[in-house]
Amino acid sequence: MMFVASTLAASLLLSSVPQEAETPVAVDDVVVSARQLDEQVTGFVRDITVPDTNLNVARWHRKMCVSVVNMQNDAAQYIIDRVAQVALDVGVKSGDPGCSANVIVIAAADANETTREIVDRYRHTLLPDVSGARRSRQALERFAVSDLPVRWWHTSILIDPDTGRSAARRWGDHITGWYNGGGGVELPMDFPVVEVNSTYLRTGLRTDLSSALIILDMQKLSGISVPQIADYIAMIALTRVNMDADYSGYHSVLSLSSDKDISGLTEWDMAYLKTLYSADITHKNKSHQMTELRFLMAEWQIRRPLRRQEQLEANKIHN
């Protein structure tokens with residue numbers, strides 16, 4: 001466990017939109033009506049979103065740097081390369097070789113023991129005491145004792161989008177928090193006070209993902225291929241996914257634990273990721289952020305590409 005600990009220490013609604021007639025829509029070779037599509041998208045966006053009320057929707061704006069620990073080199077490199085490719089597909093760049101990892105994937109024979117040691121040693125790092133970024137102790141404890149084959153934990157930070165500087169609301173005369181600076185030393189985080197232009201609808205700040213910790217229970221992942229694991233990791237690394245939700249009803253790589261025939265990321269998954277990384281997520285109200293995600297996923301990422309494809313095929317027939 002010292003190896004794991006030192007590695008970690010070193011890196012750290014659509015209801016308002018006019019509905020179309022019941023036109024069939026083909027998604028991943030499954031034909032659904034427009035109304036069914038809206039309902040499924042609404043359910044997926046609702047379920048995938050972390051329920052903590054103080055956490056807005058978050059995404060990466062900095063470069064992602066992935067480290068895979070306790071896995072054979074060829075498998076580890078495949079995962080790193082695959083996550084980098086999916087990230088690039090949605091507009092997230094990867095760090096240069098030798099970069100300091102902010103996405104840490106740990107393959108563990110005893111996932112509960114590994115996770116418990118990390119949580120106990122790095123609680124301040126995993127729960128930064130910063131307004132708008134802190135998750136609950138109860139959520140961290142659920143992460144520590146989860147029996148899932150894959151478990152994950154994200155941290156985030158508020159950012160002034162005009163300057164790219166870290167920002168946080170003050171509690172009293174100071175801001176508390178910790179940053180794991182490497183070498184086993186934890187340093188106080190220095191958050192500058194930032195004045196932002198907030199409106200009734202917009203916060204003036206955005207929420208950036210700053211790190212992701214992913215623990216693989218290798219015993220429970222027996223029979224799952226490396227490509228499947230890599231795509232699953234890509235999905236949960238790129239977005240803060242609700243770990244407690246049931247995804248068995250969705251054609252998504254997130255349903256892999258209940259449907260081992262899912263080969264990897266689906267069109268549905270990529271539609272969500274592309275939506276997340278193209279949406280305006282500075283809405284003050286989290287529900288407004290989710291409404292925009294639902295609309296963009298259904299209309300821009302699914303319906304419109306299908307219409308363009310149908311038009312191209314129709315043009316070929318007439319020509």
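**Entry 1: N70 and the ground rules**

I looked up N70 and found it in the loop between strand 3 and helix 3. Helices (H or I, at least four residues) and strands (E, at least two) are DSSP runs, numbered from the N terminus. I noted that the model is predicted, that local features need pLDDT of at least 70, that side-chain atom pairs count only at pLDDT 80 or more, and that totals for chains, interfaces and linings use all residues. Residues are numbered from 1 along each chain as its sequence is written, and side-chain values use heavy atoms, with hydrogens and water left out.

N70 is not a glycine, yet I found a positive phi of about 65° for N70. N70 counts as partly exposed because its relative accessibility is 44%. The cut-offs are under 20% relative accessible area for buried, over 50% for exposed, and partly exposed in between, with a 1.4 Å probe and protein chains only.

**Entry 2: Strands 3 and 4**

I checked how strand 3 (residues 66-69) meets strand 4: they pair in the parallel sense over four bridges. Two strands pair if DSSP finds at least two bridges between them. V69 stands opposite I106 in strand 4.

Strand 4 covers residues 103-108, and six of its six residues are buried. I wrote down both sides: V103, V105 and A107 point one way, I104, I106 and A108 point the other way, and all are buried.

**Entry 3: I80**

I found I80 in helix 3 (residues 73-89). Is I80 buried or partly exposed? I80 counts as partly exposed, because its relative accessibility is 23%. I then listed what I80 touches: V66 and V68, leaving out residues up to four places away in sequence. Contact here means heavy atoms within 4.5 Å. I also looked up I80 and S94, which are 14 residues apart in sequence and 9.8 Å apart in space, C-alpha to C-alpha.

**Entry 4: Strands 5 and 9**

I turned to strand 5, where ten of its ten residues are buried. Both faces are covered: V150, W152, H154, S156 and L158 lie on one side, and R151, W153, T155, I157 and I159 on the other. Strand 5 pairs with strand 9 in the antiparallel sense over ten bridges. W153 has L213 as its bridge partner in strand 9.

S211 also belongs to strand 9 (residues 206-217). S211 counts as buried because its relative accessible area is 7%. Which side chain does S211 join in a polar contact? The partner is T155, at 2.4 Å. A polar contact is a pair of N or O atoms within 3.5 Å; within protein, one must be able to donate a hydrogen and the other to accept it, and residues adjacent in sequence count only if both atoms are side-chain atoms.

**Entry 5: Aromatic rings**

How many aromatic pairs does a search of the whole structure find? I noted five. A pair of aromatic rings is described by the distance of the centres and the angle of the planes. Rings of Phe, Tyr and Trp (its six-membered ring) pair if their centres lie within 6.5 Å; planes under 30 degrees apart count as stacked, over 60 as edge-to-face and the rest as tilted.

F44 and Y272 have ring centres 5.7 Å apart and planes at 85°, so I recorded an edge-to-face pair. F44 is in helix 2 (residues 34-48) and Y272 in helix 8 (residues 267-276), so this pair ties together parts 228 residues apart in sequence. Both F44 and Y272 are buried.

F143 and W153 have ring centres 5.8 Å apart and planes at 45°, so this pair is tilted. F143 is in helix 6 (residues 137-145) and W153 in strand 5 (residues 150-159), ten residues apart. F143 has a relative accessible area of 1% and is buried; W153, also at 1%, is buried.

I found the charged end of R135 over the ring of W153, 4.4 Å from its centre. A charge sits over a ring if NZ of Lys or CZ of Arg is within 6 Å of the ring centre and within 35 degrees of the ring normal. Ring pairs also link F44, Y250, W268 and Y272 into a cluster.

In helix 8, eight of the ten residues are buried, among them W268, Y272 and L276.

The largest nonpolar core has 82 residues, and F44, M64, I214 and L238 have the most contacts inside it. Helix 7 (residues 226-238) gives the most to this core, with nine residues. A nonpolar core is a set of buried Ala, Val, Leu, Ile, Met, Phe, Trp, Tyr and Cys residues joined through side-chain atoms within 4.5 Å. L238 touches several residues beyond four places away in sequence, including W60, M64, L209 and L273.
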